[in-house]
Amino acid sequence: MAARFVWWERLDPDERSRLEGLVGTFVASKHWEGVSGFEVTDEVKVVVAVHACMLILELDPAAYRRIGSIVVYRRPVVSRALRSYGGGIVSDSPMPIHGETRAGGPVVITWSAASAESRRPDLGRNVVYHEFAHQLDLVDGAADGTPPLRDPALRERWGGVIDSVYERLLAHGDPLLGSYAATNRGELFAVATERLFTRPADLEAAHPDLYLVLAAFYRQDPARRVAGTAG
Ligand SMILES: [Zn+2]
């Protein structure tokens, strides 16, 4: 597990056992479908499930209840759909799609990306974190970058922090978040979640307010987990 999931060695025994329980339920309760003959092995299921469930380690697992199917492609699908990056920038150049999420629909994952990213967390990307962050965002019906927030203090802070990061991103770009995060606030939330769980210290240094609201939402402090196990 440790070779495919960087957080495993940084979790305490209680967290590991809760995560194992979540993964077991997730693997058993979802319908898994491989596209074009791709075989969804136990390894594929566990790598997808453990990253998906890491996001809800401290949240209500009911957040994933409405996800019926996980559809797995071997390689990226190339899309020529028009994409708007904000600031009037629109592109239709071919772009490989590594994942896709729809409300009530399946979560689509490309195994070549999920597999490579699980071995190389330092890449700072992870398609599974990305797509399942969208699912958490969609729990209240809109992928608008604001998942359901139970804590009133967090609810109060959230919009202002997301708006200010988003406005700066549109105006100046951001080397850590990248241009795709500027697509809309929903993509900003999904990309920021990827960075939170792959490059937490960098996210905290570059965007301390964003780090704080994300850590409060997930009820996890990944930068402290890394610091706690360093050396
Ligand atoms: Zn997305």
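Tutor: Let's start with burial: a residue is buried if 20 or more other C-beta atoms lie within 10 Å of its own, exposed if 12 or fewer, and partly exposed in between, with C-beta atoms placed from the backbone. Helices (H or I, at least four residues) and strands (E, at least two) are DSSP runs, numbered from the N terminus. Keep in mind that this is a predicted model, where local features need pLDDT of at least 70, side-chain atom pairs count only at pLDDT 80 or more, and totals for chains, interfaces and linings use all residues. Residues are numbered from 1 along each chain as its sequence is written.

Student: Okay, are the faces of strand β8 covered or open?

Tutor: Strand β8 spans residues 107-110, and both of its faces are covered. Val107 and Ile109 are buried on one side, Val108 and Thr110 on the other.

Student: In what order do the strands of the open sheet come?

Tutor: Two strands pair if DSSP finds at least two bridges between them. Here the order is β1-β2-β8-β7, an open sheet of 4 strands with mixed pairing. β1 (31-34) and β7 stand at the edges with a single partner strand each, so one side of each has no neighbour in the sheet. Neighbouring strands are turned by 15° against each other on average, direction ignored.

Student: Which pairs run parallel, and how many bridges join them?

Tutor: β1 and β2 run parallel, joined by 4 bridges, and His31 stands opposite Ser69 in β2. β2 (residues 69-73) is also parallel to β8, again through 4 bridges; there Ile70 sits opposite Val107.

Student: What about β7 and β8?

Tutor: β7 (residues 99-101) pairs with β8 in the antiparallel sense over 3 bridges, and Thr101 has Val107 of β8 as its bridge partner. Their hairpin has 5 residues between the strands, and in it Gly104 takes a positive phi near 70°.

Student: Now helices. How do I read their packing?

Tutor: Two packed helices are described by the angle between their axes and the distance between the axes. Axes are lines fitted to C-alpha atoms, for helices over the stretch in contact, and angles run from 0 to 180 degrees between N-to-C directions. Take α2 (residues 42-55) and α3 (residues 111-119): they pack at about 65°, axes 11 Å apart. That makes α2 roughly perpendicular to α3. For the labels, angles under 35 degrees count as roughly parallel, over 145 as roughly antiparallel, 65 to 115 as roughly perpendicular and the rest as oblique.

Student: Which residues make that contact?

Tutor: Two residues are in contact if their C-beta atoms, placed from the backbone, lie within 7 Å. α2 brings Val44, Val47, Val48 and His51, while α3 brings Trp111, Ala114, Ser115 and Ser118.

Student: And at what angle do α2 and α4 pack?

Tutor: About 45°, with the axes of α2 and α4 (residues 127-138) 9 Å apart. The two helices are therefore oblique to each other. Val48, His51, Ala52 and Leu55 in α2 meet Val128, Tyr129, Phe132, Ala133 and Leu136 in α4. α4 also lies across β7 and β8, running at about 170° to β8.

Student: Where is Pro121, and what is it in contact with?

Tutor: Pro121 is in the loop between α3 and α4. With 15 C-beta neighbours inside 10 Å, Pro121 counts as partly exposed. Leaving aside neighbours within four places in sequence, Pro121 is in contact with Val6 and Thr198.
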